[in-house]
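Open the model in your viewer and keep the selection panel at hand. Each stop below says what to select and what is there.

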Amino acid sequence: MPDDARARRQAGTGLGLVLALVCAALLLTALPHHEREGGGTCGERTVTSWTGDTALNTEFTRYGDDPTRTDDWTGGDGTHSVRVPDGRVLWLFSDTYLGQVHGPPNPAGESYAWRDPSAPLVRNSAVVMSRSGRLESTLPAPLFPDPAPNQWRWPVAARVEPRSPGSSEQVVRVLLWTRTTGAYPWIYGVPTATEVATLSLPDLRVEGIVRILGQEQVPDASRRVLFGTTAVTDGDWTYVFGGDDAQAASRPASQAYVARVPLGRLDRPSAWEYWDGSAWTARGTPGAVLGDGRGTGVGSAFTVVRDSGTYVLFTMAAGTRGLTTVTSYWACAPTGPWHGPTRGFSPPLPQGQVAAYNPQAHPALSGGGRLVLSYDVNWLDATGVSAQANLSRNVSLYRPRFVTLRLSRG
């Protein structure tokens, strides 16, 4: 019961108010715990305005087009970031092009910077940004080795946390998606497992990788859940969100799931608890917190931020609008209930047969009421060979774009 209400009762308020407060207290007690979280600070959040983030867009163009090195990042997707204690920002990417970029015109005579189609493509990479916001170097790529033949690792969300609960030493934990080569429609691999890598500080060296949740025993690959597309710290817990691959099975939207882990224990599988639809459990099947597979749901990757007591989830819209439009949901607890989708917005896209995907928030670069959000861009084509050729003739296509948002306060 709120403190001000308790004070009024203790001061001897009238019988009618007492009865009303008792009824309210009984109703509050009857509500599931996950619907009570957020308290009075929770309310609807919607995007009120957005604009392109010219500074970040320009910096990634500068670094990606730099022709002086052949072993650094020139393009990638799966964009995530985390600020480390010394002020640098670690950027993590999934499939990444290395190699040298050549200035325009390209071999077709177009005014695009370009790379040779035979340029190296690695499954993951990491780029370090200075405290001043200048991209400086690419760590040896791939940073996370393949776990087995025909398998690879895609890094997703990352957090700085104590090496162990209560420890003064900090490390970076990077959540990883393991995928296995598969036949159509699994052109981006079959979901296999969620893992966590530990990076030392300040040298960002991979110390080890542990498996958190294997999914090989789930017969329907479209129902397999990989965790780590986004993570939010709230109190003593890190809430880790995940999704299934329903879109690979031609359903308009995937479903979202959530797990929680005590601070300092992301690398300990026994510490993870999964929301099963009614309670947190260390075992069993995770239950979806958002998505009916049709008009509501998430894309293959999405992001969640906490604005005061409100959780806000950004994702590509369901159906064909999901190629161009970012929408959002809000909730008072990570387990929901989630409200929405709210009014979406369509960020700028380059010319060509392209699509936007994987909206990701970057809290390390946000503040002052503004939220920095990235989205990835790729060429739409039925064959990987054709897509690779188009991404190479115009290197600006396969790079993150950035926008700055402002949210309403409901």
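**Stop 1: the disulfide**

Remember throughout that this is a predicted model. How many disulfides does a search of the whole structure find? It finds 1. Select Cys 42 and Cys 332; their sulfur atoms lie 1.9 Å apart. Look along the S-S bond: the angle is -85°, and the link is left-handed. Now trace the chain from each end. Cys 42 sits in the loop between α3 (33-36) and β1 (47-52). Cys 332 sits in the loop between β20 (326-331) and β21 (354-361). The pair links distant parts of the chain, 290 residues apart.

Is Cys 42 buried or exposed? Cys 42 has a relative accessible area of 16%, and the cut-off for buried is under 20%, so Cys 42 counts as buried. Cys 332, at 22%, is partly exposed.

**Stop 2: a cis proline in the next loop along**

Stay in the loop between β20 and β21 and select Pro 337. The peptide bond from Gly 336 to Pro 337 is cis, with omega near 5°.

**Stop 3: the open sheet**

Select β9 to β12. These 4 strands form an open sheet in the order β9-β10-β11-β12, with antiparallel pairing. Which strands are at the edges? They are β9 (151-162) and β12 (206-214), and each pairs on one side only. From one strand to the next, the twist averages 25°.

Zoom in on β9 and β10 (residues 170-180). They pair in the antiparallel sense over 10 bridges.

**Stop 4**

Most residues other than glycine have a negative phi, and most peptide bonds are trans.

- Asn 150, in the loop between β8 (135-138) and β9, has a positive phi of about 65°. Asn 150 is exposed, with a relative accessible area of 55%.
- Pro 185 lies in the loop between β10 and β11 (190-199). The bond from Tyr 184 to Pro 185 is cis, with omega near 10°.
- Leu 204 is found in the loop between β11 and β12. Its phi is positive, about 55°, although Leu 204 is not a glycine. Leu 204 is buried, with a relative accessible area of 5%.

**Stop 4: the covered strand**

Select β19 (residues 310-316). How many of its 7 residues are buried? The count is 7 of 7. Show the side chains. Thr 310, Val 312, Phe 314 and Met 316 point one way. Tyr 311, Leu 313 and Thr 315 point the other way. All are buried, on both sides of the strand.

**Stop 5**

Asp 307 stands opposite Thr 310.

Val 312 stands opposite Trp 330 in β20. Follow the chain on from β20 to return to the first stop: Cys 332 is in the loop between β20 and β21.

Key:
Residues are numbered from 1 along each chain as its sequence is written. This is a predicted model: local features need pLDDT of at least 70, side-chain atom pairs count only at pLDDT 80 or more; totals for chains, interfaces and linings use all residues. Side-chain values use heavy atoms; hydrogens and water are left out. A disulfide is a pair of cysteine sulfur atoms within 2.5 Å. Helices (H or I, at least four residues) and strands (E, at least two) are DSSP runs, numbered from the N terminus. Buried means under 20% relative accessible area, exposed over 50%, partly exposed in between (1.4 Å probe, protein chains only). Two strands pair if DSSP finds at least two bridges between them. Axes are lines fitted to C-alpha atoms, for helices over the stretch in contact, and angles run from 0 to 180 degrees between N-to-C directions.
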